[in-house]
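Please examine the predicted model shown here together with its sequence.

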Amino acid sequence: MALPQNAIKIITLEGVVENNATHKLIPAVLHRMTTPLNLVPSCYDPRPDPSWAKTLLESVPERPPSHLPPPGTSQLHGHLAGFLGDGRSGIVFELDNVQLDGSTPDPCSVPRLVVKIARSNRLAALAREAWFYDEMECLQGSSIARCYGWFEMELSPHETVPAWEAHPAEDTTEEDYALDDDKMFGTVHPDQLARSARRDVISVLLLEQLGPRMPLGPLPESAKTDITSLYEDISHLGIAVVQDIRPQNILQAPQYQPCLPSLPSPFTHRVHSWRKIDFELAMKTNLTPWQLSTDYKPELERMFEDAELDGAEDP
Ligand SMILES: Nc1ncnc2c1ncn2[C@@H]1O[C@H](COP(=O)(O)OP(=O)(O)OP(=O)(O)O)[C@@H](O)[C@H]1O
């Protein structure tokens, strides 16, 4: 039976934190965090009258009920391994030598895992992303990765995270862009304001490992349809992800063993060959799936065209 996504309470990571006096790597013990339901304010556009029903829902869709059992108390131990990629808010590594409660986990239960480590100044962005993984629990394993939790540890003054220096962000702005929409559409949650000011916390998302990024070059129509359908699934939850439509944020379904089977979408029943990642800029809205599709479809078309052109220039 697959490990429930909320089974792990503590993760011990080897190879991620360094003692900056001795330059020795030391194990980091991170504890599972929970996202308050009101961490991310909704972007609500009042519906003037029912004639707007095609565009606007009367209210923001509620989070679908969780199907997970009560949170577990398992402990996971793993070693930071290969670097997989990075971006504005995080740095992603494979995990090796994973042990669950002291033994090698059953490959039918636990897939290959990765950690997305927040950059030191992007704690609020990672918390926001964790909230969206909770919000989209029903899509985990179908259109988005399974997320095994959000974990944090406070660093002491003599501890540092070498990945922050080894993989610096291209964009060095200190502005917390992930909170811009929250400021515009509601009030920023006090936890997020506090997080935004801190630089002494290691914060990670534990995710199922997905396949490679969407390649440059021509994509078969079936792949374009499947990728478009990921966005359709997400739109059924009133979630807008139009800001960040890029090949870096579309990965193939898991393919490295051990991996868990892809689940059918609860909305379209399609079994996807792709997954959408990266939700720190997502917004929870009362826009209808139709309205959201009028926003993401042209952006996806543009991305497919650009990827084809870039593939032709860079064979
Ligand atoms: N679950 C995963 N499995 C395998 N690789 C992953 C996974 N998540 C992320 N990656 C790799 O890491 C890269 C960066 O991840 P991600 O987009 O989540 O980071 P980010 O900092 O939020 O980036 P952005 O600048 O797009 O906001 C991805 O493009 C991908 O190559």
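Gly311 has its place in helix α6, where helices (H or I, at least four residues) and strands (E, at least two) are DSSP runs numbered from the N terminus. The model is a predicted one, in which local features need pLDDT of at least 70, side-chain atom pairs count only at pLDDT 80 or more, and totals for chains, interfaces and linings use all residues. Residues are numbered from 1 along each chain as its sequence is written.

Gly311 counts as partly exposed because 15 C-beta neighbours lie inside 10 Å; by the rule used here, a residue is buried if 20 or more other C-beta atoms lie within 10 Å of its own, exposed if 12 or fewer, and partly exposed in between, with C-beta atoms placed from the backbone. Leaving aside residues up to four places away in sequence, Gly311 touches Leu216, Gly217 and Pro218, a contact being two C-beta atoms, placed from the backbone, within 7 Å. Thr35, in the loop between β2 (24-32) and β3, is likewise partly exposed, with 19 other C-beta atoms within 10 Å. With residues up to four places away again not counted, Thr35 touches Ala127, Ala130, Trp131, Asp134 and Trp150.

| Pair | Apart in sequence | C-alpha to C-alpha |
|---|---|---|
| Gly311 and Leu216 | 95 residues | 4.6 Å |
| Thr35 and Trp131 | 96 residues | 5.7 Å |

Helix α1 (residues 123-135) has 13 residues and reaches 18 Å from its first C-alpha to its last, close to the 18 Å expected at 1.5 Å a residue, the expected span being 1.5 Å times one less than the number of residues. Helix α1 is mostly covered, since 13 of its 13 residues are buried. In the largest nonpolar core, which has 75 residues, those that touch the most other members are Val16, Ile117, Met136, Ile202 and Leu206; such a core is a set of buried Ala, Val, Leu, Ile, Met, Phe, Trp, Tyr and Cys residues joined through C-beta atoms within 7 Å. Helix α1 gives the most to this core, with 9 residues. Val16 touches Ala28, Leu80, Ile117, Val161, Ala163 and Ile202, not counting residues up to four places away in sequence.

In helix α5 (residues 221-235), 15 residues reach 21 Å from the first C-alpha to the last, close to the 21 Å expected at 1.5 Å a residue. The buried residues of α5 are Ile227, Leu230, Tyr231, Asp233, Ile234 and Ser235, and they pack against β9 (239-240), β10 (250-252), β11 (274-276) and α6 (289-313).

Around the ligand there are 22 residues, of which Gly85, Gly87, Arg88, Val92 and Asp278 are the closest; a residue is taken as near if its C-beta atom, placed from the backbone, lies within 6 Å of the molecule. Two or more residues of this shell come from each of β3 (74-86), β4 (90-100) and β5 (113-118), and β3 gives the most, with 3 residues.

The protein as a whole has 6 helices and 12 strands. Its radius of gyration, taken over C-alpha atoms, is 20 Å, close to the 20 Å that the globule rule (2.2 Å times the number of residues to the power 0.38) gives for 315 residues, so the protein is as compact as a globular protein of that length. Buried residues make up 38% of the 315 residues.
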